[in-house]
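Biologist: I have this one open on my screen. Can you talk me through it, starting with the aromatic side chains?

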Amino acid sequence: MSCHRPEAAPVALDAHEGRDINPFALMQPRAPARTPGELKNGARVKANNVAPQGVYLPNYNVLTPHMRSPEYVQMSTAAAITLGIMKGRMYRCACTRCLNLLLTYPEGCRANCAYCGLARHREAERDYADRNFIRVDWPAVPMEQVVDIVARDGEKSPFHRMCISMITHPRSDEDTVSVLKQWTARIDPAAIPVSILSNPTTMTREDVKRLRDLGADIFTVALDAATPEIFDRTRGKGVQSPHSWRKYWEILMDAREVFGARKFGAHIIVGMGETEYEALSLVQKLVDLGGHSHMFCFFPEKGSLMDHLPATPRDQWRRVQLGRYLIDYRGARVERMSFDGEGRVVDFGIAQAELGEVIDAGIAFRTSGCPGKFADDISACDRPYGDSPPSDIASYPFQPVKRDIGRIRRQLRIVERQNRQ
Ligand code: SF4
């Protein structure tokens, strides 16, 4: 941190319970409840053993079919609408540019991450394929059908990228390879590149190499937590989950060597108790390593162990979003930024004119992730409303227009204050 400015004018507080940051002490997950033995490991779905019949739309009133990757994958509601297998419209978005495919098994993910709707502690309450994840349902679709549609659409496909999301399951390494092979057998990975959202806990360096050799373009690691303490609390021992900060960094560094500069990155969820300084220091570290950060605003996912906690106040989120964009794409550095005694950004360390120009361009406030075909700093992975409701957008899945920028400027109160100086 270049300097502390405790004497700076106090930042105006968010209307939400008077807070403008989510402090560490507040963001304590609930302890997971015990799952009865007879409901563990997808036992209900396996006992019913209903044969799947094509596309399955999550429905809590019917028996969940017995579906497994690599024959089946799940996809976000936005991807299902874009692919044309589900009807629906999205607020101010015609489509999504990323086809995110999630591995699926009756046993589900064996991890217990506190902020995640897919976590293991939900076994008794809801079958895996019916669980909400980043605020939406995830329909299950035969992989063959997915490939058929995208191959048939050819150059007209709306997708700029495909992403395989691994989960923590003993089969996920092998099945990721199978899904990737099925894709590249029919679809040119140069036309629609593939990203891997990895599960480091079960992976080795050889797995990372194999995915690169089979044509994967970008490899990402969902650190999610910005510090080792928050990692352990939300996805390690704190919630009886198997992940470790050390193993995640080991695979991230493998990815750096195997995939190379600008072809690896890490996910960070903002607002789980880290300071803005800690979040942006991690962003800086990733850039210095040659990688990218993909950011998510914490949202209390229904049914998760953190669903009682507040979403990230918009001013905290906007400051980190803006700082991250400046570091990733404008050559700004965290050491040149200034922070107050609680780690809030009070100065972004660049000229006011440039700051104003970046804010008005709006790209900094769009969803971040792996790039698509429009520009390097515009993510294909737009995840419509994955981290907020449309009424209070955190990550814009479309280009913000003038009225959006006005709202963002009001949320970035610190910048307005600087502009008055
Ligand atoms: S490993 Fe991923 S899918 Fe599994 S609980 Fe954690 S965040 Fe959710």
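Modeller: Rings of Phe, Tyr and Trp (its six-membered ring) pair if their centres lie within 6.5 Å; planes under 30 degrees apart are stacked, over 60 edge-to-face, and the rest tilted. This is a predicted model, where local features need pLDDT of at least 70 and side-chain atom pairs pLDDT 80 or more, while totals for chains, interfaces and linings use all residues. Residues are numbered from 1 along each chain as its sequence is written, and side-chain values use heavy atoms, without hydrogens or water.

Biologist: How many aromatic pairs does a search of the whole structure find?

Modeller: The search turns up nine aromatic pairs. One of them joins phenylalanine 133 to tryptophan 138, with the rings 5.1 Å apart centre to centre and the planes at 45 degrees, a tilted arrangement.

Biologist: Phenylalanine 133, buried or exposed?

Modeller: Phenylalanine 133 counts as buried because its relative accessible area is 18%, and buried means under 20%, exposed over 50% and partly exposed in between (1.4 Å probe, protein chains only). Tryptophan 138 is buried too, at 2%.

Biologist: And what about phenylalanine 231 and tryptophan 245?

Modeller: Phenylalanine 231 and tryptophan 245 form an edge-to-face pair, 5.8 Å centre to centre with 75 degrees between the planes. The pair links distant parts of the chain, with phenylalanine 231 in helix H6 (residues 228-235) and tryptophan 245 in helix H7 (residues 245-259), 14 residues apart. Helices (H or I, at least four residues) and strands (E, at least two) are DSSP runs numbered from the N terminus.

Biologist: Is phenylalanine 231 buried or exposed?

Modeller: Phenylalanine 231 is buried, with a relative accessible area of 1%. Tryptophan 245 has 21%, so that residue is partly exposed.

Biologist: Which residues form one aromatic cluster?

Modeller: Phe231, Trp245, Tyr248 and Trp249 make up one cluster.

Biologist: Where is methionine 272?

Modeller: Methionine 272 belongs to the loop between S7 and helix H8 (276-289). Methionine 272 is buried because its relative accessibility is 0%. Its C-alpha is 9.6 Å from that of phenylalanine 231, although 41 residues separate them along the chain.

Biologist: New topic. How many cavities of 30 Å³ or more are there?

Modeller: The count is six. A cavity here is a set of points on a 1 Å grid over the protein atoms alone where a 1.4 Å probe fits but cannot get out, and lining residues have an atom within 4 Å of a point. Points join across faces, edges and corners, and volume is the space filled by probe spheres set on them.

Biologist: What volume has the largest cavity?

Modeller: The largest cavity has about 760 Å³. Its lining takes in 45 residues, and Phe133, Leu197, Ala222, Asp224 and His267 lie nearest the centre. That is the phenylalanine 133 from the tilted pair with tryptophan 138.

Biologist: Which strands each supply at least two residues of that lining?

Modeller: Strands S2 (98-103), S4 (161-165), S5 (194-198), S6 (218-224), S7 (264-270) and S8 (292-297) each do. By class, the lining has 25 nonpolar, 13 polar and seven charged residues. Ala, Val, Leu, Ile, Met, Phe, Trp, Tyr, Cys and Pro count as nonpolar, Asp, Glu, Lys and Arg as charged, and the others, including Gly, as polar.

Biologist: Where does the ligand sit?

Modeller: The ligand sits in the largest cavity, by the rule that more than half of its atoms lie within 2 Å of the grid points. Around the ligand are Cys109, Ala111, Cys113, Cys116, Leu118, Ala119, Thr168, Arg235 and His243, each with a heavy atom within 4 Å of it. That shell divides into six nonpolar, two polar and one charged residues.

Biologist: And how much space lies in the second largest cavity?

Modeller: The second largest cavity holds about 60 Å³. Its lining includes Leu39, Arg44, Pro106, Glu123 and Tyr128, and the classes come to five nonpolar, one polar and six charged residues.

Biologist: Now the backbone. Which peptide bond is cis?

Modeller: The bond from serine 69 to proline 70 is cis, with omega near 10 degrees. Proline 70 is in the loop between helix H1 (43-48) and strand S1 (72-75). Asparagine 49 lies in the loop between H1 and S1 as well, and has a positive phi of about 45 degrees although it is not a glycine. At 48% relative accessibility, asparagine 49 is partly exposed.

Biologist: What is phi of arginine 262?

Modeller: Phi of arginine 262 is near 65 degrees, again positive in a residue other than glycine. Arginine 262 is placed in the loop between H7 and S7, and is partly exposed at 44%.

Note on methods: 1 Å grid on protein atoms, 1.4 Å probe; cavity = no way out; pocket = protein on both sides within 12 Å on 5 of 7 lines; lining within 4 Å.
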